[in-house]
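Here is a short report for someone meeting this structure for the first time. Please look through the sequence and the model before reading on.

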Amino acid sequence: FIDKNYRGELSDSSYYGKAKEILTEIQGAIPDAADITTNSGLTGALENIYTALSKYVQNPTYESEANIVKSSFASMVQVLHDASNSLGEIEARETADLGTTVDRVNTILQNIQLNNSAISTQKNSLSTTDSAYVSPNELMDRQNLLLDELSKYTNISVSQNPDKTVNVSFVNADSTETQVVNGADTASKVATLSNKDADNKDTTTLTLTTYPKQPDGTF
């Protein structure tokens with residue numbers, strides 16, 4: 001009960017922490033996004049255009065006033081270009097971070113399955129003379145740490161089998177679940193995530209790839 005609630009809160013905390021991090025970066029990339037009262041960035045550029053146009057209306061035949069109007073619009077364009085470049089850098093950085101995160105999640109899933117296999121293997125070796133099963137505490141502790149870390153990246157649902165191996169599912173946005181680790185079948189591959197599309201280009205859409213086990217043991 002405690003593990004389930006802890007992982008749920010950890011998942012929410014990590015989500016909002018990451019959202020704050022990204023939004024703070026975006027806010028920093030857009031001029032005066034944090035404080036629109038300052039006479040800089042977008043606000044300053046708009047005010048300069050307004051001032052230049054007001055003066056130009058009063059003296060529409062003055063070339064100098066026309067040049068000021070032109071210059072004020074050029075400044076606005078430059079401000080927008082700078083913001084666009086900064087946002088592009090943030091997107092590239094977050095896409096790279098997403099790739100690293102996907103790799104780590106896949107590693108965690110694989111380690112959970114390997115740990116399942118070890119726990120299942122120890123079931124017989126740790127049985128007592130009266131066939132009672134002694135839990136491999138060290139392996140189970142390691143499994144808990146892996147599950148805790150996994151919950152930082154996504155909402156998960158965990159169920160335990162009689163031999164102490166675990167089944168792991170991702171909880172989707174619509175509250176349905178997609179199983180990614182089957183503890184009852186420790187010989188199977190785990191599902192893996194990818195942040196690449198069909199053309200191997202970066203994308204923020206995660207595609208879940210599963211490997212169904214065939215009767216002959218292949219996947």
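## Basis

This is a predicted model, in which local features need pLDDT of at least 70, side-chain atom pairs count only at pLDDT 80 or more, and totals for chains, interfaces and linings use all residues. Residues are numbered from 1 along each chain as its sequence is written, and side-chain values use heavy atoms, with hydrogens and water left out.

## Two helices

Helices (H or I, at least four residues) and strands (E, at least two) are DSSP runs, numbered from the N terminus. The expected span of a helix is 1.5 Å times one less than its number of residues.

Helix α1 has 28 residues and should span 40 Å; its end C-alpha atoms are 40 Å apart, which agrees. Buried means under 20% relative accessible area, exposed over 50%, and partly exposed in between (1.4 Å probe, protein chains only). The buried residues of α1 are R7, L10, S11 and A29.

Helix α2 covers residues 41–58. Its 18 residues should span 26 Å, and the end C-alpha atoms are 26 Å apart, in agreement. T43, G44, A45, I49 and A52 are buried in α2.

## The aromatic pair

The structure holds 1 aromatic pair. The ring centres of Y15 and Y16 are 5.1 Å apart and the planes are at 80°, so the pair is edge-to-face. Rings of Phe, Tyr and Trp (its six-membered ring) pair if their centres lie within 6.5 Å; planes under 30 degrees apart count as stacked, over 60 as edge-to-face and the rest as tilted.

Y15 is exposed, at 55% relative accessible area. Y16 is exposed too, at 58%.

## The second largest pocket

A pocket is an open set of points on a 1 Å grid over the protein atoms alone, where a 1.4 Å probe fits, with protein on both sides within 12 Å along at least five of seven lines; lining residues have an atom within 4 Å of a point. The second largest pocket has a volume of about 430 Å³. Of its 21 lining residues, K4, R7, S157, V158 and S159 are the closest to its centre. Elements that give two or more residues to this lining are α1 (2–29), α4 (137–150), β1 (156–160) and β2 (166–171).

## Two polar contacts

A polar contact is a pair of N or O atoms within 3.5 Å; within protein, one must be able to donate a hydrogen and the other to accept it, and residues adjacent in sequence count only if both atoms are side-chain atoms.

D163 lies in the loop between β1 and β2. It is buried, at 13% relative accessibility. Its side chain makes a polar contact of 2.7 Å with that of T165. N167 lies in strand β2 and is buried at 12%. The side chains of N167 and N161 form a polar contact of 3.1 Å.

Terms used: Grid points are joined across faces, edges and corners, and a volume is the space filled by probe spheres set on the points.
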